[in-house]
Amino acid sequence: MNIDKRYWPMEGPVATTKVPIPTFHRAMWAAYRNSQPSKIEVDNTSTSGLWQNAAIDRQTGSFTCTFDMVPSAAKIDALAGLSKGDAEDFKDLATTIRFAPSGFIDARDGSTYRAVTSVPYSAGVKYSVALTVNTSARTYSATVKPAGGSAVVIAQNYRFRTEQSSTGEFTNV
């Protein structure tokens, strides 16, 4: 079978239609760029694109929030944290715990990521996180406990993310 490499055969009502490959690529990229991710809500957890949000009761003052994280692979860039309203971007999270590309767990302190203690992570392992938050001081501390292990301090009195330095309440994880 001889295939003309300058054209992409299109299936549809007219099976013999041929579209030049550059035209086809432009059309596909335009459709991709203009598409909107669907929003799905199940049990208090909403997914919009790559961001997942779980609603929590409004939290102010000092409180502790616990949740589990499981990395899907090694050396990824995946995170979780607290926000006021749905988080749709990194800057929406005031507190952040991250599975860093370095293979270690770290946390956001103002405008940088760092960790009090270096804790490596492994794909598929559950890590229990405890965030102790002081909204008045705009600080938080975090411990991470690997499955079957002991809790390790990752953050101690870290400042809220710079873009969230005035946040005084949280409604989402």
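1. Buried residues make up 32% of the 173 residues in the protein. Bear in mind that this is a predicted model. The accessible surface comes to about 10600 Å². Carbon and sulfur atoms account for 53% of that surface.

2. On secondary structure, the protein has one helix and 14 strands. Consider next the contacts with a sequence separation of 6 or more. Of these, 54% join residues 24 or more positions apart.

3. The largest nonpolar core contains 26 residues. Within this core, the residues with the most contacts are I97, I105, L131, V133 and Y140. Several strands supply at least two core residues each: β6, β7, β8 (95-99), β9 (104-109), β11 (127-134), β12 (139-146) and β13 (152-159).

4. I97 deserves a look on screen. It is among the core residues with the most contacts inside the core. Set aside its neighbours within four places in sequence. I97 is then in contact with M69, A78, L79 and A80, among others. Its partners also include I105, D106 and A107. Further along the chain, I97 contacts V129, L131, A142 and V144. Two of these partners, I105 and L131, are also listed with I97 among the core residues with the most contacts.

5. Now the largest pocket. About 650 Å³ of space lies in it. Its lining consists of 23 residues. Those nearest the pocket centre are L50, Q52, A78, L79 and A80. The elements giving two or more residues to the lining are β5 (51-59), β6 (62-69) and β7 (78-82). By residue class, the lining divides into 16 nonpolar, five polar and two charged.

6. β6 and β7 each give two or more residues to the pocket lining. β6 and β7 also each supply at least two residues of the core. A78, L79 and A80 lie among the lining residues nearest the pocket centre, and A78, L79 and A80 are also contacts of I97.

7. Where does G110 lie? It sits in the loop between β9 and β10 (112-120). G110 has a relative accessible area of 2%, so it counts as buried. Beyond residues up to four places away in sequence, G110 touches R159, F160, R161 and T162. Take the pair G110 and R161: they are 51 residues apart in sequence. In space, their C-alpha atoms are 4.3 Å apart.

8. A147 is another loop residue to check. It lies between β12 and β13. Is A147 buried or exposed? At 52% relative accessibility, A147 counts as exposed, because the cut-off for exposed is over 50%. Leaving aside neighbours within four places in sequence, A147 is in contact with V125 and K126. A147 and S128 are 19 residues apart in sequence, and their C-alpha atoms are 7.5 Å apart in space.

9. Phi of R138 is near 60°, a positive value in a residue other than glycine. R138 is found in the loop between β11 and β12. With a relative accessible area of 26%, R138 is partly exposed. Phi of N157 is near 55°, again positive in a residue other than glycine. N157 lies in strand β13, and β13 is one of the strands that supply at least two residues of the core.

Note on methods. Residues are numbered from 1 along each chain as its sequence is written. This is a predicted model: local features need pLDDT of at least 70, side-chain atom pairs count only at pLDDT 80 or more; totals for chains, interfaces and linings use all residues. Side-chain values use heavy atoms; hydrogens and water are left out. Helices (H or I, at least four residues) and strands (E, at least two) are DSSP runs, numbered from the N terminus. Buried means under 20% relative accessible area, exposed over 50%, partly exposed in between (1.4 Å probe, protein chains only). Contact means heavy atoms within 4.5 Å. Accessible areas come from the Shrake-Rupley method with a 1.4 Å probe; for residues, only the protein chains shown count as cover. On a 1 Å grid over the protein atoms alone, a cavity is a set of points where a 1.4 Å probe fits but cannot get out, and a pocket is an open set with protein on both sides within 12 Å along at least five of seven lines; lining residues have an atom within 4 Å of a point. Grid points are joined across faces, edges and corners, and a volume is the space filled by probe spheres set on the points. Ala, Val, Leu, Ile, Met, Phe, Trp, Tyr, Cys and Pro count as nonpolar, Asp, Glu, Lys and Arg as charged, and the others, Gly among them, as polar. A nonpolar core is a set of buried Ala, Val, Leu, Ile, Met, Phe, Trp, Tyr and Cys residues joined through side-chain atoms within 4.5 Å.
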